[in-house]
Amino acid sequence: MHELSDDRLAAAGVRLWLVHDSNKPRKLKYNLIAAREQGHHTLLTFGGAYSNHLRAVADAGREHGFQTIGIVRGEQTLPLNESLAHCVAQGMRLSYLDRSSYRRWRLHIGDLRRRFGEFFLIPEGGSNALAALGCSEIASGIDARYDLICCPVGTGGTLAGLAAGLPSGTAALGFSVLKGGDFLAEEVAQLQREAFGRVSPNWQIELGFHCGGYARRNAELDDFLADFHARHGIELDWVYVGKMMLGIFALAARGRLPSRVVALITT
Ligand SMILES: Cc1ncc(COP(=O)(O)O)c(C=O)c1O
């Protein structure tokens, strides 16, 4: 955890601490325990061709002794990109679903079971109630006092858990990396209901910093990240963390942030 020294934040009266946290092992922790308890030997999950989540499941399978199956959105292209090649090297079996079938993957679960046998299903992005439970442990690892903690939002599991585990008087702010992310608030609420039996009132999602949409970037983001790197020597991941950081600085300049803020640097 380290405090970022930046005159723009100082001018806005905001202190910002960066906290590194890998949300993927947290999202998988209780899923792996449940899979093991239910006697499963195989994990099956979904993702795009560059999905960090597929990689994380492949790594976890290798480490914890599960076979893994990754259902990839779209057509197979050879040679495999570095991300999918990594999954295969970890022992993951890949299968491809065209985009429209992929969108309706729930309809294909029966087909997948006929094809692959029994498996423990982990949804795309890894966000389910057990993932939220794992992410509710993030806050207990942060030994500082703050008013607001920020994280990027893709599928919502990280924010759902993070917010649920916060000390009282502290709020969470998620930054959607998706265009048209209005549906995310209901996703987060639903995950909290399933995981904790209630929706906590201490979180919100900012929708205005997607910079063109998922895995897209624009000049504003590129300029911000280049400048951030020049000032702080820190290269931020542009798909998730960069968009959150752009949002944090924009909201600070608008006077919309409290005085003690934590930014979760997810990997
Ligand atoms: C680096 C990084 N940060 C944040 C997120 C967003 O997490 P979530 O999908 O739980 O909203 C992801 C997606 O898993 C990610 O890969």
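Colleague: How are the residues numbered, and what pLDDT do local features need?
Modeller: Residues are numbered from 1 along each chain as its sequence is written. Because this is a predicted model, side-chain atom pairs count only at pLDDT 80 or more, totals for chains, interfaces and linings use all residues, and local features need pLDDT of at least 70.

Colleague: Which residues is Cys-150 in contact with, leaving aside its neighbours within four places in sequence?
Modeller: Two residues are in contact if their C-beta atoms, placed from the backbone, lie within 7 Å. With those sequence neighbours left aside, the contacts of Cys-150 are Leu-173, Phe-175, Met-244, Ile-248, Val-261, Val-262, Ala-263 and Leu-264.

Colleague: Is Leu-44 buried or exposed?
Modeller: Leu-44 has its place in strand S3 (residues 42–47), and not counting residues up to four places away in sequence, it touches Ile-69, Ile-71, Leu-112, Phe-116, Phe-119 and Leu-121. Its C-alpha atom is separated by 5.8 Å from that of Thr-68, 24 residues apart along the chain. Because Leu-44 has 24 C-beta neighbours inside 10 Å, it counts as buried.

Colleague: What is the separation of the C-alpha atoms of Leu-94 and Gly-70?
Modeller: Leu-94 is found in strand S5 (residues 93–97) and is partly exposed, with 17 other C-beta atoms within 10 Å. Leaving aside neighbours within four places in sequence, Leu-94 is in contact with Gly-70, Val-72, Leu-84, Cys-87 and Val-88. Although Leu-94 and Gly-70 are 24 residues apart along the chain, their C-alpha atoms are separated by 4.8 Å.

Colleague: Which peptide bond is cis, with omega near -5 degrees?
Modeller: Most residues other than glycine have a negative phi, and most peptide bonds are trans. Pro-79 is found in the loop between strand S4 (67–73) and helix H4 (82–89), and the cis bond is the one from Leu-78 to Pro-79.

Colleague: Is Cys-211, with its positive phi, buried or exposed?
Modeller: Cys-211 is not a glycine, yet it has a positive phi of about 55 degrees, and it is found in the loop between strand S9 (203–206) and helix H10 (219–232). Because 22 other C-beta atoms lie within 10 Å of its own, Cys-211 is buried.

Colleague: Is Ala-215 buried or exposed?
Modeller: Ala-215 lies in the loop between S9 and H10 and has a positive phi of about 60 degrees although it is not a glycine. Because it has 12 other C-beta atoms within 10 Å, Ala-215 is exposed.

Colleague: Are H10 and H11 roughly parallel or roughly perpendicular to each other?
Modeller: Axes are lines fitted to C-alpha atoms, for helices over the stretch in contact, and angles run from 0 to 180 degrees between N-to-C directions; angles under 35 degrees count as roughly parallel, over 145 as roughly antiparallel, 65 to 115 as roughly perpendicular and the rest as oblique. Leu-221, Phe-224, Leu-225 and Phe-228 in H10 meet Gly-242, Lys-243, Met-245 and Leu-246 in H11. The two helices pack at an angle of about 85 degrees, with their axes 10 Å apart, and H10 and H11 are therefore roughly perpendicular.

Note on methods:
Helix = DSSP H or I, 4+ residues; strand = E, 2+ residues; numbered from the N terminus. Buried ≥ 20, exposed ≤ 12 C-beta atoms within 10 Å, placed from the backbone.
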